[in-house]
Structures are given as structure tokens and as C-alpha cells.
Amino acid sequence: MRDWPLWEVFVRSRRGLSHVHVGSLHAPDAEMALRNARDVYTRRQEGVSLWVVPAAEIVASDPGERDAFFDPADDKVYRHPTFYNVPEGVEHL
Amino acid sequence: MDFDDLLAGDGRVEPRDEMPDGYRRTLVRQIAQHAHSEIIGMQPEGNWISRAPSLRRKAILMAKVQDEAGHGLYLYAAAETLGVDREDLLDQLHTGRQKYSSIFNYPTLTWADVGAIGWLVDGAAIVNQVPLCRCSYGPYARAMVRVCKEESFHQRQGFEILHTLSHGTPAQRAMAQDAVDRYWWPSLMMFGPPDDDSPNSAQSMAWGIKRFSNDDLRQRFVDMTVPQAEALGLTLPDPEIRWNEERGHYDFGTVDFTELFEVIKGNGPCNQQRLAHRVGAHEDGAWVREAASAYAAKQAVREGAA
Ligand SMILES: [Fe+2]
Ligand SMILES: [Fe+2]
């Protein structure tokens, strides 16, 4: 078990919603990962679809560089509708 | 964001954030101990699956015991986000270097004990676990949300077992009362030592791992349980229980913590049996793990060749 890779598990709870990360597990291969994910994470009809992804394949942004990485969005308030003035009485805008 | 700022703003710490060593160590110890408790906790009830009094009770009990296995897995996965290995944690359990909840060192002598465990032990676990859904460490908090959702069925099925027995024949009623008599005090011990004798509590509170003190949680459990016992028509084995108008809480007797410390030391009725069974199950399952690994390796070679 020590050499079994870690898999991240994503569940789609109903049609129309996206898959959401629910946790992880160890399994020797993709098929076992899927079966174990079903038993561990969907015992109460929590899902209609499951993804398992080898954790080692996930590329993540660096929490230490979060500020620099996400900064560029900070000064672009005009991307939000609340930035704009709407004259009194104008509706559906 | 810096760790202290994060805690000050009641934010959540995530796996790759920087955190003090002590915080990490405390979490690993607590989450591992919690995970171990879930899987060792399968034993006392598992003991009754083959003897459940009806198919309905048997199906329910199997689902409950399977849930506890699931809780263990959620928690081992949460612990692993802190950089430890599940295999090592199991090693530490098997060699007695890490503990599990002492409540599981008591035997299940009768079917009513299954009811008492669901009602009292899962009930106490819920009181302990609900605040952990707001724990400062994200993966632990998220695992606890899943666990708590599943626990309420556990408590209700236990209550229902006792309710059926307490409204049954005199012998069934006596069996239910006996189970409650034996499980009441150990359930109160599940909240840990009293506040003035709980050296690590203050630090855990400061870190947002613990949200309420042991004594506060114990009181909450008593307040919740006394009216339920009345509804069952059973008595709790403590003559000092009475409503205290002034405090707005039930008063109750003094818990004998020397018993708790004895059980923690390994002198409970079932310590050896529980651990031996766990180690045996792990060793007996080795061939399954080996076969799965061998199959995966063979498939990988085939896919590589194709
Ligand atoms: Fe549980
Ligand atoms: Fe439970």
C-alpha cells in the first residue's frame, strides 16, 4: 500500500452541476481508485459521476506567490457591474 | 497570508500554507487518533452483526459499521495532507505509539449495548465533532462536515434500538437499562480530562483546532441527553443529576477519571483484544494488497507494450 499512488476524487452530485473535489484516497490503479471512491465518497447517492485524478498529475499555483500571481486582478474594479453609475430610475440594467 | 493573520481573521489553513511545527504535530496526532478511533470503533459493534435480531437491524448495523470505516478513511486522507503516510500512522497504532478513544475498550455484552453505543457514544462523538467542522485546518474541517452528516443516523438508530427494548418485555427493558448503566460514565469520559487537568487545551483553542473546552462539551452532552433518557423511560446511573435553574444546566456527579487514565494506560477490559484484532485484520489482508499491486503492475506493463 505504501507505493500506491494518491488519487484526488471529484464528484458531480447531480446533472447540471460541475464535479467538486471531495477528498483523496490510495489505490494501485485507476479502476480500483474509482471503485474505492464510490464506496468511500458516494454511499448515500452523493454522486452521479466520479472523477479520480492522480494527485501527482495536478499542477498547483504556489501559495507563497499567491499575491504576485493574483495581483493583476486587484486594480480592475471596472470588471464588476457595481463599478458603474446608473441614473436613478433606470431598471433592468 | 501569514499564519497568525489567518487565524486572527478566522481563516482556514490549507495544506501547502506555512504553519508552525507544533500546529502541524498537534493536528497529525489528533487527526490520526481520531482516524484510529473510527476504525477500532468498528469492532464492538461488528461483534453483533451476525447476531442482530432482524434483517432490518442487521442491514442498518452493517451500514453504520461501514460508515465508521469511511470516517477512518476521510480522516487518514486529511492527516496525509500534513505530509505523513497512512501506512506509518497504522504502524503507530499497531505498535501502541498512537492511541484511539478509550470508549472502544469496553465490551459489547448484549444487543442493547449496540443501542447504547449508537445513542450515547455516537451522541458524545457528535457533540465533540460538530465544533470541529469549524476547525482552522481546512482538510480536517471538511472531513468533519462529511462525518457529522453521517453521524446523526448512527445516533438515531441507537436510540431506536433502546426505545424498542425499553418498551418491550421486562427482560428487554432490564437489558436496555443495564447497557445504559455501563455506557453512561465511559461516555462522559469521552470528552477528556477536566479543564484544569487538560494541559494542551489552551494551545489548541488558540490555534482554532479546539473551539470549546472539555467541560463545556461534557455539559452540553448531559443537557442534551437527560431529556432523551426520560423519553426512553430509562434512568441514567447518577443520583446527582438534577436541573439547576440558576445555571440553566443539569448538575451531574463527578466523573471518576482514574478509570479513564487506567484505560488509556492499557488496563481497560478490551485493550489487548482490540489491538490484536486490528493487527490480525491488517496482516490477513496483506495478500489482497499484494495482489492488487501485482495486478496494477502487470496492467501497466501491458499498456506500455501496446
Ligand atoms: Fe464515526
Ligand atoms: Fe458513528
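This is a predicted model: local features need pLDDT of at least 70, side-chain atom pairs count only at pLDDT 80 or more; totals for chains, interfaces and linings use all residues.
Which side chains meet in a salt bridge at 2.9 Å, N to O? They belong to B:Glu150 and A:Arg43.

Start with the interface. The rule finds four salt bridges across the interface of chain A and chain B. On the chain A side, 20 residues are in contact with 24 residues of chain B. Together the two chains bury about 2,000 Å² between them. Of that area, 47% lies on carbon and sulfur atoms. The size of an interface is often given in this way, as the accessible area lost when the parts come together.

Now look at A:Ser61. This residue sits in a loop of chain A, between strand S3 (49–54) and helix H2 (66–70). Leaving aside residues up to four places away in sequence, A:Ser61 touches A:Phe69, A:Phe70 and B:Arg16. A:Ser61 has a relative accessible area of 39%, so it counts as partly exposed, since that class runs between 20% and 50%. A:Leu25 is 36 residues apart from A:Ser61 along the chain, and their C-alpha atoms are separated by 22 Å.

Four residues coordinate the iron ion (ligand 1): B:Glu38 (OE), B:Glu68 (OE), B:His71 (ND1) and B:Glu151 (OE). The distances are 2.1 to 2.4 Å. Angles among the four donor atoms run from 83 to 154 degrees.

Distant parts of the chain are linked by B:His71 and B:Glu151, which are 80 residues apart. B:His71 belongs to helix H4 (residues 55–80) of chain B, and B:Glu151 to helix H7 (residues 138–166). Both B:His71 and B:Glu151 are buried. Along the sequence, the donors of ligand 1 follow the spacing E-x29-E-x2-H-x79-E.

Finish in the core. In soluble globular proteins, nonpolar side chains tend to be buried together. Here the largest nonpolar core has 89 residues. The residues with the most contacts inside it are B:Tyr23, B:Leu27, B:Ile31, B:Tyr137 and B:Tyr140. Helix H6 (residues 111–129) of chain B gives the most to this core, with 11 residues. Take B:Leu27 as an example. Not counting residues up to four places away in sequence, B:Leu27 touches B:Ala32, B:Leu82, B:Cys135, B:Tyr137, B:Tyr140 and B:Ile209.

Conventions. Residues are numbered from 1 along each chain as its sequence is written. Chains are lettered from A and ligands numbered from 1 in the order in which they are written. Side-chain values use heavy atoms; hydrogens and water are left out. Donors are N, O and S atoms within 2.8 Å of the metal (3.2 Å for Na, K and Ca); water is not among the atoms, so sites may look incomplete. Four donors count as tetrahedral if all angles lie between 85 and 135 degrees; four count as square planar and six as octahedral if opposite donors are over 155 degrees apart and all others between 65 and 115; anything else is irregular. Helices (H or I, at least four residues) and strands (E, at least two) are DSSP runs, numbered from the N terminus. Buried means under 20% relative accessible area, exposed over 50%, partly exposed in between (1.4 Å probe, protein chains only). A nonpolar core is a set of buried Ala, Val, Leu, Ile, Met, Phe, Trp, Tyr and Cys residues joined through side-chain atoms within 4.5 Å. Contact means heavy atoms within 4.5 Å. Buried area is the accessible area (1.4 Å probe) that two parts lose on being put together, summed over both.
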